[in-house]
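Student: Hi! Could we go through this model together?

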Amino acid sequence: MATQPIYGVIAEFETPEQVLHAAGYRSIDAYTPIPVEGLAEAIGFEWTSLPMVVFTGGFLGGCSGFFMCWYANVISFPLNVGGKPLNSWPAWIPITYELTILGAALAAVFGMLIMNGFPRPYHPVFNVPRFALASTDRFFLCIKAKDKKFDLTQTKAFLEELKPHGVFEVEA
């Protein structure tokens, strides 16, 4: 009989202070019912490329809005109204601005969803029976098996040293 692959090891804590002591591991997820001050630094959040995605979406939206107005007024249907130039860009500022905001907003929403891996209806930590308490009053720390320092017995021993309520294997 084949054994299930391991996703990681998860520990259940009663206080937020206990979650902050998992130094040395880099591939960590924390699940808490409330925001915990300093947790992002403790688990090593990395820089994200989402601001560049949003900037690119806004830039492309603005360029497409300007190009759309330019093409309609200069190439597709040029009208000489009152001797004004065909390329009268000040009139296009509202459309360019609105499409810049639209492009940035859509890039932010879809970029965040893609980078976070949403929607994800199933996650391996849902297999741990006590994980349901993560949304009420318990704090969980999961060290993933893909971490360079991960060794099942050593990681379990490390988490046991932190005096958790329980340590559980998470099957993938």
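**Helices, pockets and a loop**

Student: What span should the 27 residues of helix 3 have at 1.5 Å a residue, and what are its end C-alpha atoms doing?
Tutor: Helix 3 (residues 50-76) should span 39 Å, and its end C-alpha atoms are 36 Å apart, which agrees. The expected span is 1.5 Å times one less than the number of residues. Helices (H or I, at least four residues) and strands (E, at least two) are DSSP runs, numbered from the N terminus.

Student: How should I read the numbering and the values?
Tutor: Residues are numbered from 1 along each chain as its sequence is written, and side-chain values use heavy atoms, with hydrogens and water left out. This is a predicted model, where local features need pLDDT of at least 70 and side-chain atom pairs count only at pLDDT 80 or more, while totals for chains, interfaces and linings use all residues.

Student: Where is the kink in helix 3 centred?
Tutor: On Trp 70, with a kink of about 25 degrees. The bend at a residue is the angle between axes fitted to the seven residues ending there and the seven starting there.

Student: Which residues of helix 3 are buried?
Tutor: Gly 57, Gly 58, Gly 61, Gly 62, Gly 65 and Cys 69. Buried means under 20% relative accessible area, exposed over 50%, partly exposed in between (1.4 Å probe, protein chains only).

Student: And what do those buried residues pack against?
Tutor: Helix 4. Thr 96 lies in helix 4, and Thr 96 is in contact (heavy atoms within 4.5 Å) with Gly 62, Gly 65 and Phe 66, leaving aside neighbours within four places in sequence.

Student: Is Thr 96 buried or exposed?
Tutor: Thr 96 counts as buried because its relative accessible area is 18%.

Student: Switching to pockets: how many residues line the largest pocket?
Tutor: There are 25, with Asp 29, Phe 45, Met 115, Asn 116 and Lys 144 nearest its centre. A pocket is an open set of points on a 1 Å grid over the protein atoms alone where a 1.4 Å probe fits, with protein on both sides within 12 Å along at least five of seven lines; lining residues have an atom within 4 Å of a point.

Student: Which element gives the largest share of that lining?
Tutor: Strand 2, with four residues.

Student: Last one: where is Lys 163?
Tutor: Lys 163 sits in the loop between helix 5 (152-161) and strand 4 (166-171). Lys 163 has a positive phi of about 60 degrees, although it is not a glycine. Lys 163 is exposed, with a relative accessible area of 64%.
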